Amino acid sequence: MSWNSAHGAAMIAAAQAHEAFGCVVTGYIDVFGALHQAGVEVMGQELGGLLGLYVASADGGPAALVNTGLEEVSMRHTAAHELGHHRLGHGTSVDHQEQSSGRWGEGWLQHEKEAEAFASWFLMPRPAARTALAHCGLTRPPESPLEVYRMARWLGTPYATTVRHLVRLKMIDRSTEAVWIKHFPSTFKTELAHGLPLGPRAHVHVLTAAAHDATLHVAAGDCLLLDIPDTRYETLPAGVSPAPPDTAGQMPLADPPGAPEGDRTVWVSEDLATDTTVTATAGSTETFRVRLRCTPRRKGSDHFWG
């Protein structure tokens, strides 16, 4: 089976899954909640070179095992891949690192192509991609890989997977994909943060006026850059701090060139509540707010919903 055929089948299956699980397709897709509704038992543990495992009903499932050694966006993609195996009626399957989103090839088995395509269509339906663009303050398809990175933060998807799926959504062409896929997210983090300290798994979220009243999914260590002229964060809730995290002794430059002003840069800490609202003001007038939803620590058979 070709990738085109796999995507054709997966696009339909993903749309059917969205409807079956009542997913709101205009934003961030709750893949762990969908697995729960599908009756798939989900567990997590560090798996080394394995991404995940799907156990079919014939072998005692349905169940899925996810590698908690991955960062959240990669776990979400793996979970969607396992959901694809389930929805498409596949048998038990073990998914290896060689099948990661940056290593697509024609040597994949049919069921793996279908599950991989399903993961992209499930997490990134066209309406969700359009919403992500809008939250970035963009009114047209991305024109740089940095804009794709910013989109992926709203979608909760890996950068490479997002680049590849934008071709399917006809937002970029294959020649652009071939160039952008070579970039690494760490480069974008460094560029956006201008030398401010970041942990190895932390992400940088740029908040524009277009994201007012939106919900942003974050994790401890993430950096929130306010990009609204003449606007500053006001009193910060518990779990959001103007002080950068201790990243293994890393010391930032005293005044990193081009770094955002201190009252427009905050970090998420381990103390963030599940749902928190952060507001910003211009003078004494509130002009912006965003809801922060904290990613739970994935472990065992708990903390896989939301």
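Me: Leaving aside its neighbours within four places in sequence, which residues is Ser120 in contact with?
Reply: In this predicted model, Ser120 is found in helix H4, which covers residues 110-123. Once the neighbours within four places in sequence are set aside, the residues in contact with Ser120 are His77, Thr161 and His165.

Me: Is Ser120 buried or exposed?
Reply: A residue counts as buried when its relative accessible area is under 20%. Ser120 has a relative accessibility of 1%, and therefore Ser120 counts as buried.

Me: How many of the residues of helix H7 are buried?
Reply: Helix H7 spans residues 159-168 and is described as mostly covered. Its buried residues include Thr161 and His165, and these two are also among the contacts of Ser120. For helix H7 the count of buried residues is 10 of 10.

Me: Which residue with a positive phi follows H7?
Reply: Helix H7 runs over residues 159-168. The residue with positive phi that follows H7 has a value near 60 degrees, and that residue is Lys170.

Me: Which residues line the largest cavity?
Reply: The count comes to 1 cavity of 30 Å³ or more, and about 40 Å³ of space lies in the largest cavity. Helix H6 (145-155) and strand E5 (204-207) each supply at least two residues of its lining, which divides into 4 nonpolar, 1 polar and 2 charged residues. The lining residues are Arg150, Arg153, Trp154, Val204, His205, Val206 and Leu216.

Me: In E7, which residue is the bridge partner of Leu207?
Reply: Strand E5 pairs with strand E7 (residues 223-226) in the parallel sense, over 4 bridges. In E7, the bridge partner of Leu207 is Leu226.

Me: Which residue in E12 does Val218 stand opposite?
Reply: Another open sheet of 4 strands, with mixed pairing, has the order E6-E12-E11-E8. Its edge strands are E6 (215-218) and E8 (232-233), each of which pairs on one side only. E6 and E12 (residues 285-294) pair in the parallel sense over 4 bridges, and the residue opposite Val218 is Cys294.

Me: In E3, which residue is the bridge partner of Leu53?
Reply: Strand E2 (residues 50-55) pairs with strand E4 (residues 93-96) in the antiparallel sense over 4 bridges, and there Gly52 stands opposite Asp95. E2 is also joined by 4 bridges to strand E3 (residues 63-67), and these two run antiparallel. In E3, the bridge partner of Leu53 is Leu65.

Me: How many disulfides does a search of the whole structure find?
Reply: A disulfide is a covalent bond between the sulfur atoms of two cysteines. Among the cysteines here, Cys136 counts as buried because its relative accessibility is 4%, and Cys223 counts as buried because its relative accessibility is 0%. The number of disulfides found in the whole structure is 0.

Technical notes:
Residues numbered from 1 in each chain as written. Predicted model: local features only at pLDDT ≥ 70, side-chain atom pairs only at ≥ 80, totals over all residues. Heavy atoms only, no water. 1 Å grid on protein atoms, 1.4 Å probe; cavity = no way out; pocket = protein on both sides within 12 Å on 5 of 7 lines; lining within 4 Å. Points joined across faces, edges and corners; volume = space filled by probe spheres on them. Nonpolar A, V, L, I, M, F, W, Y, C, P; charged D, E, K, R; others polar. Buried < 20%, exposed > 50% of the residue type's maximum accessible area, 1.4 Å probe, protein only. Pairing = 2+ DSSP bridges. Contact = heavy atoms within 4.5 Å. Disulfide = S-S within 2.5 Å.
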